[in-house]
Amino acid sequence: AERLFGGFRKTSERLSENLTGVVGTAKLDDATLDDVEDALIISDLGPAAAKRIRDKLAEKRFGLGITERELKEAVAEEIAAILRPVAKPLEITAFPRPQVILVIGVNGSGKTTTIAKLAHWLTEDDYGVMLAAGDTFRAAAIGQLATWAERVGVPIVKGPEGGDPASIVFDAVKEATATGIDALVVDTAGRLQNKRELMEELAKIRRVLGRLNPEAPHDVILVLDATNGQNALSQIEIFKEVAGVTGLVMTKLDGTARGGVLVAAAEQFGLPIHAIGVGEKLDDLRPFDPDLVARVIA
Ligand code: GDP
């Protein structure tokens, strides 16, 4: 909890600062509710979540006395209520194995690091993990992933730069199946600049996977950089359309005051949030605990 709190320090300070002084008459009146709603919006929780929290506070406490501390606690409770339904750890349940986990996201979002952290996490849980270097577009991507694979101690299937991602994924599934791997984590190119090519590339990967196992990919995890604030929300929108996202991981919550965007994403999309990134090291991927996060944010 300490390290998680450290992770959200800036987000928490921001919301706390924004909520300070909003309790005017010591009663929860319209003016106070307006100020709370504004404070939530400028803390990146988004207009929909802000409105929902406002309405809930009004419903439960309108006209009643409230201190600043009680207000913050009430806000935290409503944030938790929004986050709880989307908190869903990634579970390895596929039968037959391997569970195929596609990882998508724009370059720089923390995709490669998240794959490494996820591989580390699953390895610690005694799952057999393999990586597939499906981002063949970026010169450095294959090498970077290979370095992480070595560090984590998991096998990797890779091809040449510019190679066909679908054929690498094909090879990887065959090898993972032959060697009894539980989870195959597939890196993909994050080229949102060229939506059509990206869509075609992902569709081809899906086709090839589907031929080997109609259930695959079992997960399509979108990695988002919390630093991008509201921009992260438009990325969800686009990737949902091009890739059929099944869950989210939000990274870089340690360095940003924009962690409120997690709440906005939960409210707007209702997609499962599997984990959060709170640093650059292998063990800096945390399970998404909605109550803890709500408490540290507000
Ligand atoms: P990719 O281009 O999406 O594959 O992104 P990378 O995994 O290479 O990450 C980009 C940068 O963000 C690297 O410097 C990472 O160390 C850093 N990074 C990734 N996740 C986190 C995180 O949760 N917190 C912090 N502070 N940095 C992160």
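The model is predicted. The ligand takes up the space of the largest pocket, and the protein is built from helices and strands that are named here by letter and number.

**The ligand and its surroundings**

- There are 18 residues around the ligand, and those that come nearest are Gly108, Thr112, Thr113, Asp254 and Glu280.
- By type, this shell divides into 10 polar, 6 charged and 2 nonpolar residues.
- Helix H6, which covers residues 111-124, gives the largest share of the shell, with 4 residues.
- Thr112 places a polar side-chain atom 2.5 Å from an oxygen atom of the ligand.
- Thr113 likewise has a polar side-chain atom 2.5 Å from an oxygen atom of the ligand.
- Lys252 takes part through its backbone, where a polar atom is 2.9 Å from an oxygen atom of the ligand.
- The ligand would expose 580 Å² if taken alone, and the protein buries 78% of that area.

**The loop between E6 and H11**

- Asp254, one of the residues that come nearest to the ligand, sits in the loop that runs between strand E6 (247-251) and helix H11 (261-269).
- A polar atom of the Asp254 side chain lies 3.5 Å from the backbone nitrogen of Gly279.
- The backbone of Lys252 has a positive phi of about 60 degrees, although Lys252 is not a glycine.
- Lys252 counts as partly exposed, at 32% relative accessibility.

**Helix H12, an enclosed helix**

- Why is helix H12 (residues 290-297) described as largely enclosed by the rest of the structure? The reason is that 6 of its 8 residues are buried.
- The buried residues of H12 are Pro290, Leu292, Val293, Ala294, Val296 and Ile297.
- At the start of H12, Asp289 reaches with a side-chain oxygen to within 3.1 Å of the backbone nitrogen of Asp291.

- The bond from Phe95 to Pro96 is a cis peptide bond, with omega near 0 degrees.
- Pro96 belongs to the loop between helix H5 (68-83) and strand E1 (99-104).
- Ala216 and Pro217 are also joined by a cis peptide bond, and omega there is about 0 degrees.
- Pro217 is placed in the loop between helix H9 (195-212) and strand E5 (219-225).

**The loop between H3 and H4**

- Asp44 lies in the loop that connects helix H3 (30-42) with helix H4 (47-61).
- Phi of Asp44 is near 75 degrees, which is a positive value in a residue other than glycine.
- Is Asp44 buried or exposed? Asp44 counts as buried, at 4% relative accessibility.
- Gly46 is found in the loop between H3 and H4 too, and it is buried with a relative accessible area of 4%.
- Gly46 and Gly229 are 183 residues apart along the chain, while their C-alpha atoms are separated by 9.7 Å.

**Two further residues to look up**

- Thr136 lies in the loop between strand E2 (129-134) and helix H7 (141-152).
- Thr136 is buried, with a relative accessible area of 4%, and its side chain reaches the backbone oxygen of Gly163 at 2.8 Å.
- Lys195 has its place in helix H9, where it is partly exposed with a relative accessible area of 31%.
- From C-alpha to C-alpha, Lys195 and Val242 are 7.6 Å apart in space, and 47 residues apart in sequence.

Notes. Residues are numbered from 1 along each chain as its sequence is written. This is a predicted model: local features need pLDDT of at least 70, side-chain atom pairs count only at pLDDT 80 or more; totals for chains, interfaces and linings use all residues. Side-chain values use heavy atoms; hydrogens and water are left out. Helices (H or I, at least four residues) and strands (E, at least two) are DSSP runs, numbered from the N terminus. A polar contact is a pair of N or O atoms within 3.5 Å; within protein, one must be able to donate a hydrogen and the other to accept it, and residues adjacent in sequence count only if both atoms are side-chain atoms. A residue is near a molecule or strand if one of its heavy atoms lies within 4 Å of it. Accessible areas come from the Shrake-Rupley method with a 1.4 Å probe; for residues, only the protein chains shown count as cover. On a 1 Å grid over the protein atoms alone, a cavity is a set of points where a 1.4 Å probe fits but cannot get out, and a pocket is an open set with protein on both sides within 12 Å along at least five of seven lines; lining residues have an atom within 4 Å of a point. A molecule sits in a cavity or pocket if more than half of its atoms lie within 2 Å of its grid points. Ala, Val, Leu, Ile, Met, Phe, Trp, Tyr, Cys and Pro count as nonpolar, Asp, Glu, Lys and Arg as charged, and the others, Gly among them, as polar. Buried means under 20% relative accessible area, exposed over 50%, partly exposed in between (1.4 Å probe, protein chains only).
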